[in-house]
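A short note on a second site follows.

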Amino acid sequence: MQSMYSGFFTEFYDILHAGLTDVDAYVEFARKFGPDVLELGSGTGRILIPLARAGFRVTGIDSSDDMIARCQVRLALEDEAVRSKATIVRQDVTKFQLGKRFDLIIAPCNMLNHFLEPGLLIRALRNVKRHLKPTGVFILDNGIPDIPYMVDINRVERIAAFEHPLTGTKLIHRCTTTYDFANQLEYNTVHLEEYDEVDNLLREAAYTSTMTYYFPRELRLILEMSGFELFHEQGSLHQDCPIDAGSTEMVFFAR
Ligand SMILES: C[S@@+](CC[C@H](N)C(=O)[O-])C[C@H]1O[C@@H](n2cnc3c(N)ncnc32)[C@H](O)[C@@H]1O
């Protein structure tokens, strides 16, 4: 089976994430801490393109050729003024070298959950630190693991249907997650199917991904161990509220 960030899935990625409300928050963060922004794991440009539209110089790095290709397709539809603000580079976050430093580096949408070993995450974070200006800021947002929900969905197939906004075709997304709670790992198998209006199967593909998840205390410690000073944190991307028992996300601001 293919990795999650390839083929048909890359087209589906934006449809699956259409309901997220994080883009405006990142544009606001860029207003406060920009203007020169680096996005780690910029994917299809879901956040990167609105940042460029808002006038920020934004560099995106990603390790997936197919996600980058999808981002280039989306960028090609933008005006020259927007395109000229965006740079996409194929690099791995654990060892990227851009030869420049940024005012703001962002790791949105659980990006850090791709580093399955703590050592890899620390290597990535140290590298991020080397790419920050002395006054620069690093912002990451991650979901807080919801253990009762994870226990409920463990090994249970979840099925969701979507309509393709351009072609009107029907997309069926089947996902099964298996948790290894001892090692904080989640194994996903995803099956995607696309049907026309009379239910003929047009395309199908299967993907796997392995991710990890973190708790707030753990990320605070790892940020410190990686050379960062945590100067602010909040329990929501949209509100400056504390991380507490009711929070579903953690947003860390470090320098
Ligand atoms: C969840 S997607 C997020 C994309 C985008 N930031 C967004 O919010 O829509 C994570 C992205 O990180 C990329 N990625 C995963 N591991 C990476 C690594 N080690 N180095 C660079 N990119 C990586 C994937 O290819 C994927 O495009």
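In this predicted model, the buried residues of helix α6 are Leu-121, Ala-124, Leu-125 and Val-128. Seen down the axis of α6, these buried residues fall within an arc of 95 degrees, so they line one face of the helix. An α-helix has 3.6 residues a turn, so residues three or four places apart point the same way.

**Helix α6 and its two sides**
- Helix α6 covers residues 118-130, a run of 13 residues.
- From its first C-alpha to its last, α6 reaches 19 Å, close to the 18 Å expected at 1.5 Å a residue.
- On the face turned away from the buried side of α6 are the exposed residues Gly-119 and Arg-130.
- The buried residues of α6 pack against the elements β2 (36-40), β5 (102-107), β6 (132-143) and α8 (216-225).

**Packing of α6 with α8**
- The axes of α6 and α8 come within 9 Å and cross at roughly 55 degrees.
- That angle makes α6 oblique to α8.
- The crossing of these two helices, α6 and α8, is right-handed.
- On the α6 side, Pro-118, Leu-121, Ile-122 and Leu-125 take part, and they meet Ile-222, Leu-223 and Met-225 in α8.

- Ala-81 is found in helix α5, which spans residues 80-83.
- Ala-81 counts as exposed because it has 10 C-beta neighbours inside 10 Å, and a residue is exposed at 12 or fewer.
- Ala-81 and Thr-167 are separated by 86 residues in sequence and by 28 Å in space, C-alpha to C-alpha.

How values were computed: Residues are numbered from 1 along each chain as its sequence is written. This is a predicted model: local features need pLDDT of at least 70, side-chain atom pairs count only at pLDDT 80 or more; totals for chains, interfaces and linings use all residues. Helices (H or I, at least four residues) and strands (E, at least two) are DSSP runs, numbered from the N terminus. The expected span of a helix is 1.5 Å times one less than its number of residues. A residue is buried if 20 or more other C-beta atoms lie within 10 Å of its own, exposed if 12 or fewer, and partly exposed in between; C-beta atoms are placed from the backbone. The arc is that of the directions from the helix axis to the C-beta atoms. Two residues are in contact if their C-beta atoms, placed from the backbone, lie within 7 Å. Axes are lines fitted to C-alpha atoms, for helices over the stretch in contact, and angles run from 0 to 180 degrees between N-to-C directions. Angles under 35 degrees count as roughly parallel, over 145 as roughly antiparallel, 65 to 115 as roughly perpendicular and the rest as oblique. A crossing is left-handed if the near helix is turned anticlockwise from the far one by less than a right angle, and right-handed if clockwise.
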